[in-house]
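Keep the sequence and the structure in view.

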Amino acid sequence: MIVVKSPDEIGVMRDGGAILSEMLHNVKGEVRAGVTTKALDEWVAEEMKRRGVVASFKGYHGYPASVCISINDEVVHGIPGSRVVRDGDVVSIDLGVFHKGFHTDAALTVGVGAVGERAARLIDVTREALREGVKCARVGNHVGDISAAVQRRVEDAGLAVIREYTGHGVGRELHEEPQIPNFVCGGRGPLLRAGMTLAIEPMVTAGGWRTRVAGNRWTVLTLDGSLSAHFEHSVAVTDGEPIVFA
């Protein structure tokens, strides 16, 4: 069932999203060669505590950390640990905040130091695909319009969208209906109505779209070892322009 939020609930999500957006921007500034992914997770945990919010991911189906950090061929759900970030790495940071009963969810990808031209283009195109998808989150459109916009931007650039993982509704639960694929997968999908809140998240690869799951049962990697990037906004559908929470 798709849950439509009231204006007051959207206001709460907007406040939570503002916290999340600032945190995501700040942790991006902590990503540099030589830092461990565990240190980044610890930074996020301390920042959550200071701001009085809760990490949406920690404990979710047993996930052990406050943030997902995925590097190079890791698509999503990378678990922080002893891995050291290196110059040239492509680092995706996925962060969720639980604030006053509601989740918001956002992600970005950053190139560390001197990244290659193909990596830089992958990051730029994925960011642009998210922008195109968000533009379609309007009353009267369908979920499939978001999917088509993302797929079009990515494939026009000669890249591929991950098909085994999707965006989703977000709100009182971290993952709600509807699913939001990054590709057109038959039909136009549910009609978008004012008050729907969505996590739109293109996951894009420089190679093939197929994936595998690491031995830790969480981290998703590209099957062919190609680089991947991930951007995400939580948004509300309104009668006008979509509201971007984070």
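The dialogue below takes up the pockets, then a sheet.

Q: What kind of model is this, and how are its residues numbered?
A: The model is predicted: local features need pLDDT of at least 70, side-chain atom pairs count only at pLDDT 80 or more, and totals for chains, interfaces and linings use all residues. Residues are numbered from 1 along each chain as its sequence is written, and side-chain values use heavy atoms, with hydrogens and water left out.

Q: How much space lies in the largest pocket?
A: Rolling a probe the size of a water molecule over the atoms shows where empty space is left. A pocket is an open set of points on a 1 Å grid over the protein atoms alone, where a 1.4 Å probe fits, with protein on both sides within 12 Å along at least five of seven lines. Its volume is the space filled by probe spheres set on the points, which are joined across faces, edges and corners. Here the largest pocket holds about 460 Å³.

Q: Which residues are the closest to the centre of the largest pocket?
A: Lining residues have an atom within 4 Å of a point. The largest pocket has 22 of them, and Y60, H77, H168, H175 and E201 are the closest to its centre.

Q: Which elements give two or more residues to that lining?
A: Strands are DSSP runs of E, at least two residues; helices are runs of H or I, at least four; both are numbered from the N terminus. β7 (167-169) and β8 (176-180) each give two or more residues to the lining of the largest pocket. The largest share, 3 residues, comes from β8.

Q: What about the second largest pocket?
A: Its volume is about 230 Å³. It is lined by 14 residues, with R127, L130, F231, E232 and H233 nearest its centre. α3 gives the largest share of this lining, 5 residues.

Q: In what order do the strands of the sheet run?
A: Two strands pair if DSSP finds at least two bridges between them. Here 5 strands form an open, antiparallel sheet in the order β8-β7-β9-β14-β15. β8 and β15 (243-244) stand at the edges with a single partner strand each, so one side of each has no neighbour in the sheet.

Q: How do β7 and β8 pair?
A: They pair in the antiparallel sense over 3 bridges. H168 stands opposite Q179 in β8. A hairpin of 6 residues joins β7 to β8.

Q: Over how many bridges do β9 and β14 pair?
A: β9 (197-200) and β14 (233-236) pair over 4 bridges, in the antiparallel sense. L198 stands opposite V235 in β14.
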